[in-house]
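Thanks for asking me to look this one over. Here are my notes, written as a colleague would jot them down beside the model.

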Amino acid sequence: MKESTAPCLTRRRFLKTTALLGGSAFLLSRLGWPSELFARTRLAEYELTKPENILYTVCQQCNTQCGLKVKLYDGLAAKLEGNPYSPWNLQPNISYRTSPLDVATLDGRLCPKGQAGIQTVYDPYRVVKVLKRAGKRGENKWVTISFDQAVDEIVNGGDLFGEGHVPGLKEIWALRDPKLAKEMADDVKAIWAKKTPEEKKAAVEAFKTKYAEHLDKLIDPDHPDLGPKNNQLVFMWGRLKGGRSELIKRFTVESFGSVNAHGHTTVCQGSLYFASKAMSEQYQKGSWTGGKKFYWQADQNNSEFIIFVGASPFEGNYGPTNRAPGLTRGLVSGRLKFAVVDPRFSKTASKAWKWVPIKPGTEAALALAMIRWIIENKRYDAKYLSNANKAAAVADKEPTWTNACWLVKIVDGRPEKFLRAKELGLTDEDRFVVLQDGKPVAFDPYDTANPVKGDLFVDTTIQGIRVKSGLQILWESASSKTLEEWSAICDVPVRDIIELAREFTSHGKKAAVDVHRGVSQHTNGFYNVFAWFALNLLIGNYDWKGGMSQASTFDHTGGKEGQPFNFAKLNPGKTTAFGISIIRHEIKYEQTTLFERYPAKRPWYPLSSDVYQEIIPSAGDGYPYPIKALFIYMGSPVYALPAGHTNIEILADPKKIPLIVASDITIGETSMYADYIFPDLSYLERWEFAGSHPSITQKVQPIRQPVIAPLTETVKVFGQEMPLSLEAMLLGIAEKLGLPGFGQGGFGEGQDFTHPDQFYLRMVANVAAGDRPGNEVPDADDAELELFLRARRHLPKTVFDPERWRQIVGEKWWRKVVYVLNRGGRFDNWEQGYDGDYIKNRYGTLINLYQEKTALTINSMTGKPLAGYPIYLPLADSVGRPIEDEKQGFDLHLITHREIVATKSRTISNYWLLAVMPENAIVMHPRDAQRLGLSEGDRVKIISASNPEGVWDLANGTKVPMIGTVHLTEGIRPGVISFALGYGHWAYGATDLVIDGETIKGDERRRATGLGGGAGVHANAAMRVDPYLKNTCLVDVYGGSAVFYDTRVKVVKV
Amino acid sequence: MRPRSQCCRPGELGEAPRRGRAVNYERATKEAFEAARAACPYKRAVYFDDGRFYTDGTPARQAYETRPSFEYGKEWTRTAGKPPVNALRKCHFCVHRVENGELPACVTTCVGEATYFGDLSDPQSLIAQLLKENRDKVMRVYESKGTQPRVYYLTDTPVLCKSQHP
């Protein structure tokens, strides 16, 4: 770190900068209160068990979103507990009808991160005023500026930093006419629909002629499908949940008209979601559509046997608080045993019947081996698999069915489309075909009247058409290798493969395979997930108690009958955003005017969305187009992404992205490169609709609401006072721009959108209404209403105004809104999660064992079509070439893991957690240590082929070496090393920064060991950069996952 | 007023927590306290209470013992001049919570449901029944010192465990 000649603040004077919480008026005014308490001689009553000192909300210390019971002392969050109404925190949760006056002394469970959340909220390094950079990008020199000035500069642009003209949003908002936008959007779709290059070219010319007066509104008139210049505003987010997500989309997509609103899904479980999406595509009007972005997890409260693959519910996996009790009870009562397939001996593995230390990246090989054995030994559920349509499933009392027996055409030696009945002349209608005892039968998959079953293994020719059944194709994939060959690939003994497969098929529907990031974050992630979920299909356990369940939530956006506020109709000025997105998602390369040759310049993702690792690198490459402004909300791609260091160079260069605005509670590893940082409210000060996770079988909608007064400054927008927050930033910019959908009449005639409450309270009313008329919650009685008001007596009008709230929702819904908020959301009772032998909230329809849509998708990097069935793919780069760094001497395989005391980037400020685990370690097997001459406690640097120096280059003169401490254990597969995520920071209060000319010292307890601090190592910068893309990590080009677990590294003693 | 304790385990729901029977501290703690003082390597064992319930003449409750547990970065003070952080103390089962009808914090929050808490002197309580039913699986650490610890461990290998903590 450079020596600073600016006046340096001692720890005592640290508190004097008003930009951070540590120096704000709030903390300074509260410093004296403990001595008031000392002065009281009588035994202080334990105030925290009084109902009026308790508010319910939702934790955000990780993404499990457990319920939270916040105990307040004099307006401060004093103690956090679990919410007993929530099935996350108490199993069974208490009846939703219970009065909050009766549950003050009943606390639910909460993991250590949840307990420590107080330190996230009261972190002295929290930003409370708007900051503008005073030096170069990433120099970490800041000045405080007024909110109004920041909004003005962002909207109007100008020479804001003495570096040249920065475009303002008013420039980027080029296309403002919704009618014109809709017309253009339709015509672009028409261009895409043209089949030949000549037709496409002609259509482009026609477009240019038709819109000759508006060509300046397009990014590139020769490529109208890039869309309008509006698309050069990109809004990316990290940890975002409902409510705020609708607000960001309203601003970016509906009102501003940019297609570029993207989340982080591919850095989390990416391919897990998109493989499940592909499995959930339904056949509607001749095409596969409606696939849901979701996945399934095991119903751990009732399962008898679970195989956890790359998942550790005692440490993460959404999450210990809600899953560990059901798992523990199962172990104790003897109901359940489970196996853990993981290169690391996790806490979950420590309670397992079997720990299978698999070679990372070969998970599909184990799944296919098990599939092979199960089919060979006929241990699959033949009855389930033979059901071709809904009627057959219903007749067998099965909630789901699959296309195992549907006939697939073999074209040029590969499975392609399903055979259509028309092709055999069986009928003129659009029907599929099965064989019944050798005879082809046409059917409609959704037919409820005529049950159709089919032969399971078909490999034949009918009328000259070569066909195989879905199950036959799976069998051929699984039997393409012997058990011994699969075993050699994944290094799992044949005996273990057979035992796993036998156990898995010995519990009827009460067995499940439950997978997570360890399976999905590989270059072959999509097919890994597909293979494991195919195992679940072999026993048909979806929607069965003890089998696979999906998440189920109460809708908050008002699309259901009986709900009072339908947000789809609440943006009268809505426009149509169109064009290829910056991440090239949900569109086929071949359809666009950019199609040239294979490989494409960067991957296209027709089957995925929210491809986090593509946003900044694509902007860096200017492909498909350069961008002008980037907004980042609660996200740190630099820290979170594998090879996140590749983002730094691009962020640091104003020529690549001229304007960067961050909404953040701190100056973190990514927001340090922003031009402006707008402080946000912490999760205890604001709203969100947190959604659910697949292992929760009850229907729920946890609601995050303000429980403490905001700690950020107050500003005025649309004449209303509100705290500095994401909402204030968006509304402020909307006001300055004159964006439709905001301000007076923003929701419609006479319905203003001038304060965030008007957005969120409407959503609470929707949740109170439920799914359909008759599903409303009761009215809060007078006692509950009184409690509601008293418990919020410490909240200022900027965030709590009962009069305003009542006016927003109306008399009819007011007491129902109170009822819901008094309980921290809406939660079905425990028994409502189940219905006899089934899970109540069912997926309930077709699950694709064979995916036609996938089979018709072309890999934009190779020009080859994708396989529509589970296969094993070895590690490959984005263009399909093998990566063999081990041949260059990189002899260790790097993975990561989660500890329950840390979340990816935001728990480093929690000293209570650091007290338990102050630093992470580089976990290594003693055999490797011996071979390398290392001992316990040695310091080593991690280097890889794409990062031979082993450093994070911060592009500001500082490099952070990836140095960590070796910890030896037999609990990891030899040849594999791992580190826990969340440590080794160089921002977020870890290092010095300058605000208004004064240096704020960083805290070495948060700082990377490589910088002389005590907080261990963050080695994502060692993860392999894709050799073709050069500025991005390895990717799963099929499902989109950012690859964490396929890097070979070396460690060097320091 | 005697301290009362809730006698249900997390997950046992329905009615509001039962109020347990008063604990006879006078008799039980006197012997234990004597033994604790003898066993303490620092010879500094003192009662934690404020004279309200337990015995006469015990030190007044210290200010830090009444403060709610959320202080952040605050320097603790103690009349003897030394901070309580890093000083040897004994778990008091969150008596401030127990007195108000709650379970100790660790029992409430354990996601593995590893613990039970209750009034041993109430034969109807879950804890009394558990210890009775599992008499051959129960152990306490350092029984030989006579400190009468209030934490009992249920284990399949009580002999082995006891031998390691005699």
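The points below go through a few places worth looking at in turn.

1. A word on the ground rules. This is a predicted model, in which local features need pLDDT of at least 70 and side-chain atom pairs count only at pLDDT 80 or more, while totals for chains, interfaces and linings use all residues. Residues are numbered from 1 along each chain as its sequence is written, chains are lettered from A and ligands numbered from 1 in the order in which they are written, and side-chain values use heavy atoms, with hydrogens and water left out.

2. Let's begin with a sheet. Three strands of chain A make an open, antiparallel sheet in the order S1-S2-S3. (Helices, H or I of at least four residues, and strands, E of at least two, are DSSP runs numbered from the N terminus; two strands pair if DSSP finds at least two bridges between them.) Strand S1 (54–58) and strand S3 (76–81) of chain A are the edge strands, each pairing on one side only. On average, neighbouring strands of this sheet are turned by 35 degrees against each other, direction ignored. Strand S2 (residues 67–73) of chain A is joined to S3(A) by five bridges, and Lys71(A) has Lys79(A) as its bridge partner in S3(A).

3. In the loop between S1 and S2 of chain A you will find Gln65(A). Gln65(A) is not a glycine, yet its phi is positive, about 60 degrees. Is this residue buried or exposed? Gln65(A) is buried, at a relative accessible area of 2% (buried means under 20%, exposed over 50%, partly exposed in between, with a 1.4 Å probe and protein chains only).

4. Asp996(A) also has a positive phi, near 50 degrees, and is a residue other than glycine. Its place is the loop between strand S43 (993–995) and strand S44 (998–1000) of chain A. With 39% relative accessibility, Asp996(A) counts as partly exposed.

5. Please also look at two cis peptide bonds. One joins Gln91(A) and Pro92(A), with omega about -5 degrees; Pro92(A) lies in the loop between S3 and helix H3 (112–121) of chain A. Another joins Tyr598(A) and Pro599(A), with omega about -5 degrees; Pro599(A) sits in the loop between strand S22 (548–549) and helix H20 (612–621) of chain A.

6. Next, a helix. The buried residues of H6(A) include Leu180(A), Met184(A), Val188(A) and Trp192(A). The face turned away from the buried side of H6(A) carries the exposed residues Lys179(A), Lys189(A) and Ala193(A). At the start of H6(A), a side-chain oxygen of Asp177(A) comes to within 2.9 Å of the backbone nitrogen of Lys179(A).

7. Finally, strand S27 (residues 700–704) of chain A. Five of its five residues are buried, so S27(A) is largely enclosed by the rest of the structure. Val700(A), Pro702(A) and Arg704(A) point one way, Gln701(A) and Ile703(A) the other. Strand S26 (residues 688–689) of chain A runs antiparallel to S27(A), joined by two bridges, and Glu688(A) stands opposite Arg704(A). S27(A) also pairs in the antiparallel sense with strand S32 (residues 825–827) of chain A, over three bridges; there, Val700(A) has Phe827(A) as its bridge partner.

Notes: Axes fitted to C-alpha atoms, helices over the stretch in contact; angles between N-to-C directions. Polar contact = N/O pair within 3.5 Å; in protein donor to acceptor, adjacent residues only side chain to side chain.
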